Amino acid sequence: MPSSAKTAPAKVQPDRLDARMLEALVGYNARRAWLIVSDLFAERMAPYGLKQIDFSVLSLLAHNPGATSRQLCNTLDILPPNLVSLVATLDSRGLIERRPHPHDGRAVGLHLTPDGESLIREAEQAVVQLESDASARLSARERETLIKLLQKIYL
């Protein structure tokens, strides 16, 4: 074949659009990855009756007994009115309880009940597994690097 012969164009998938611009954006890639993880999360947390924010609050309380609503809002970057109804729901489910804060008489500490402790232990194990499943194409080192890089954006 003469050296001037052109190579055949790459086979184009008819339903695939040129997304190179979007794929060069952090937000686009983060959102696409989030959609995968979010769908898995919803599916695997359904038996526990937990949404992402419920899981986050319960996990924080499991690892920080007595945390205040203000601390939860600051850590999760949510508005206090949004947390009020969430705390009320978790309380009505018997997963958390309010107790006087030991150092601040004006504050109330939030604690897991035994049912809350049991639920979050199981749910955390399920989330660790779903994260492993969702990131199965990454090596352990790549996963660690990805987490560190994403944290550099928001921490």
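Trainee: What should I know before I start?
Mentor: The model is predicted, so local features need pLDDT of at least 70 and side-chain atom pairs count only at pLDDT 80 or more, while totals for chains, interfaces and linings use all residues. Residues are numbered from 1 along each chain as its sequence is written, and side-chain values use heavy atoms, with hydrogens and water left out.

Trainee: Which residues touch the most other members of the largest nonpolar core?
Mentor: Met45, Leu50, Phe55, Leu58 and Leu61, out of 27 residues in that core. A nonpolar core is a set of buried Ala, Val, Leu, Ile, Met, Phe, Trp, Tyr and Cys residues joined through side-chain atoms within 4.5 Å. Buried means under 20% relative accessible area, exposed over 50%, and partly exposed in between (1.4 Å probe, protein chains only).

Trainee: Which element gives the most to this core?
Mentor: Helix α6 does, with 6 residues. Helices (H or I, at least four residues) and strands (E, at least two) are DSSP runs, numbered from the N terminus.

Trainee: What is Phe55 in contact with?
Mentor: Leave aside neighbours within four places in sequence. Phe55 then contacts Phe41, Met45, Leu50, Ile120, Ala123, Glu124 and Val127. Contact means heavy atoms within 4.5 Å.

Trainee: New topic. How many salt bridges are there?
Mentor: The count comes to 7. A salt bridge is a side-chain nitrogen of Lys or Arg within 4 Å of a carboxyl oxygen of Asp or Glu.

Trainee: Which parts does the pair Arg143 and Glu131 tie together?
Mentor: Their side chains meet in a salt bridge at 3.1 Å, N to O. Arg143 lies in helix α7 and Glu131 in helix α6, so the pair ties together parts 12 residues apart in sequence.

Trainee: And where do Lys148 and Glu144 lie?
Mentor: Both are in helix α7, 4 residues apart, about one turn of the helix.

Trainee: Is Ile153 buried or exposed?
Mentor: Exposed, with a relative accessible area of 58%. Ile153 lies in helix α7.

Trainee: Where is Gly105?
Mentor: In the loop between β1 (96-100) and β2 (108-112). Gly105 is exposed too, at 81% relative accessible area. The C-alpha atoms of Gly105 and Tyr28 are separated by 46 Å.

Trainee: Which residues does UniProt list for "domain: HTH marR-type"?
Mentor: The unreviewed entry lists residues 18-155. UniProt positions are in the numbering used here, feature names are shortened, and annotations may be inferred rather than shown by experiment. That span is 67% helix and 7% strand.
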